[in-house]
Structure formats: C-alpha cells, structure tokens
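Please find below some notes on the model, in numbered points.

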Amino acid sequence: MTYVLAGYGITALAIGGYAAWVLARGRRLTRNR
Amino acid sequence: VSVKRGSAVTLSLGVAASASLLATFAYGLSLPKTVEQEHYSKLIAIHPGIAWASYVAFGVTAVASVLWLWPRTRSLTWDLLAGASAEVGVLFSSLTLITGSIWGRPTWGEWWVWDARLTLSALMLALLIGYLALRQVPATADARGRRSAVAALLGVLVVPVNHYAVEWWHTLHQGRSLEVASDTLDGQFIFAMTLGFLSMTLVYSWLTLHRLQVARLEEELVSDDLDAALEARRREAVLT
C-alpha cells in the first residue's frame with residue numbers, strides 16, 4: 001500500500017503545486033498591470 | 001478566445017476538474033486488492049489517465065502550432081497556447097514516468113527498464129522540455145512562433161509511435177489499457193480508469209487555460225516594457 005499512497009500523494013502534490021504556482025503567478029501579473 | 005481569470009468557463013472547469021479528481025482518488029483508493037497485484041492495481045485509476053493527458057497536451061501543442069503556421073489562422077494566442085500546453089505536458093509526462101515507475105517496482109521488480117513504451121515516454125518528456133527550452137531562446141515573437149511550431153510538429157510524431165509501441169515491440173509494458181481492460185478487468189477497474197481519463201483531461205484543460213492566461217499577461221508585460229524603453233529613448237533623442 002506504501003507504493004500506492006506514494007503514487008497518489010506525488011500526483012496530488014505535483015498537480016496541486018503546479019496549479020497553485022500558475023494561480024499565484026496570474027494574480028501577481030494582474031496586480032502589476 | 002479571451003479567457004479572463006475567474007471567468008465562468010474557467011471557474012466551472014476548475015470545479016469540475018477538482019470534483020472529478022477527488023472522485024478519482026476516492027474511488028481508486030477504495031478499489032479492492034487483486035490476486036496478481038494486491039493493492040498496486042489501485043494505480044489504474046491515475047496512471048493511464050495521466051499518460052493520456054500527456055498525449056493530449058502534446059497533441060494540443062501540435063494542433064496550435066499548425067494553426068499558428070497556417071497564415072489564415074495565425075495569431076499569437078495559438079503560439080502561446082502551444083507553449084502553455086507543452087508546459088502542462090511536462091507535468092503529466094513526468095507524472096506518467098513517476099507513477100509508472102512506482103507501479104513497476106512492486107509488480108515487475110524494477111523501477112525502470114528500457115522497454116519500448118517506457119523509453120518512448122522518457123523521450124517524450126525530453127522532447128517537451130527541449131521544446132520549452134527552444135521557446136526561451138531570445139527571438140521576435142514571429143521567429144519564436146515559427147521555430148517552435150516546426151519543432152512541435154517534428155516532436156509530436158513520438159505520440160503515435162509511443163501509443164502503438166506496445167504492439168510493435170513486445171517488451172515488458174502491457175498492451176493498450178482499454179483493450180486489455182475489456183478482456184481481463186472487472187467493471188469497477190474499468191470504471192476507475194475511465195474516471196481517471198475524464199478527470200485528468202479536465203485537470204489538463206483547466207491548468208492549460210490558466211497557464212495560457214499567464215502567458216498572455218507575461219507577453220503584455222514584455223511589450224509594455226518595450227514600449228516604455230522606446231518612449232524613454234525617444235525622450236533622450238529629443239533632449240540631446
């Protein structure tokens with residue numbers, strides 16, 4: 001089960017992390033316009 | 001196509017993507033143990049869907065590149081969409097290799113083998129990273145658009161080859177998931193995998209739309225900076 005949880009965990013972290021980065025960058029650029 | 005941050009389209013897409021991703025995770029993790037793979041078959045809910053999203057990402061990059069190259073449809077948006085989709089493609093390609101590797105270790109006994117499907121998936125990731133690097137080479141928007149579109153169209157050939165790799169070369173990776181599934185898997189595993197395909201496609205679309213919007217804002221910033229620099233130069237010229 002450790003491998004399964006690692007697979008799901010890494011997927012959640014990678015997608016969540018990238019989404020957070022894209023949203024934050026969009027927000028910063030909108031503010032600086 | 002204008003996609004404003006927080007517009008109704010991106011907002012509903014975001015809600016659908018999050019809800020379906022949560023459902024995929026919950027359903028995937030609740031799948032029963034199997035005789036051959038114990039808990040590891042639970043990865044069927046995410047791995048094939050992630051791999052599919054990486055194909056979609058490269059495909060969208062290629063289609064957007066054609067639309068940029070075609071004089072009648074040429075628009076900066078297609079070039080930026082090609083770049084945005086490739087970046088999201090790097091995320092999904094990396095996750096394909098990582099989740100596949102995590103599946104391979106307990107079931108095949110190896111983190112990595114130079115199997116046709118695995119090698120081509122790694123090549124796909126390398127091509128996407130190379131494509132993004134090429135986009136960073138300083139150039140006018142036109143030159144960047146042309147050279148990256150040509151590179152994308154050459155690179156995308158890896159997608160069909162990778163898709164049929166499991167038939168052309170009988171190495172370790174199993175056959176195409178849906179065909180294997182219809183013969184050998186229970187309905188709930190097929191449902192989990194289909195849910196995975198749906199949720200990863202929605203997540204890909206949502207991330208790409210937002211990344212495209214960020215690319216647009218970055219492009220505006222660059223041209224604003226350029227305008228400001230030109231204006232400053234003009235003022236200098238008047239003063240001297």
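1. Chain B has eight helices and zero strands, helices (H or I, at least four residues) and strands (E, at least two) being DSSP runs numbered from the N terminus. The model is predicted: local features need pLDDT of at least 70, side-chain atom pairs count only at pLDDT 80 or more, and totals for chains, interfaces and linings use all residues. Residues are numbered from 1 along each chain as its sequence is written, chains are lettered from A and ligands numbered from 1 in the order in which they are written, and side-chain values use heavy atoms, with hydrogens and water left out.

2. The C-alpha trace of chain B spans about 85 × 40 × 30 Å along its principal axes. Of its 240 residues, 46% are buried (under 20% relative accessible area, 1.4 Å probe, protein chains only).

3. In α3(B), 24 of the 33 residues are buried, so this helix is largely enclosed by the rest of the structure. Its end C-alpha atoms are 46 Å apart, which agrees with the 48 Å that its 33 residues should span at 1.5 Å a residue (1.5 Å times one less than the number of residues).

4. At the start of α3(B), a side-chain oxygen of Ser75(B) comes to within 3.1 Å of the backbone nitrogen of Thr77(B). Gly109(B), which follows α3(B), has a positive phi, near 85 degrees.

5. Helix α1 (residues 2–32) of chain A packs with helix α3 (residues 76–108) of chain B at an angle of about 170 degrees, their axes 9 Å apart (lines fitted to C-alpha atoms over the stretch in contact, with angles from 0 to 180 degrees between N-to-C directions). The two are therefore roughly antiparallel (over 145 degrees).

Note on methods: Angles under 35 degrees count as roughly parallel, over 145 as roughly antiparallel, 65 to 115 as roughly perpendicular and the rest as oblique. Buried means under 20% relative accessible area, exposed over 50%, partly exposed in between (1.4 Å probe, protein chains only). A polar contact is a pair of N or O atoms within 3.5 Å; within protein, one must be able to donate a hydrogen and the other to accept it, and residues adjacent in sequence count only if both atoms are side-chain atoms.
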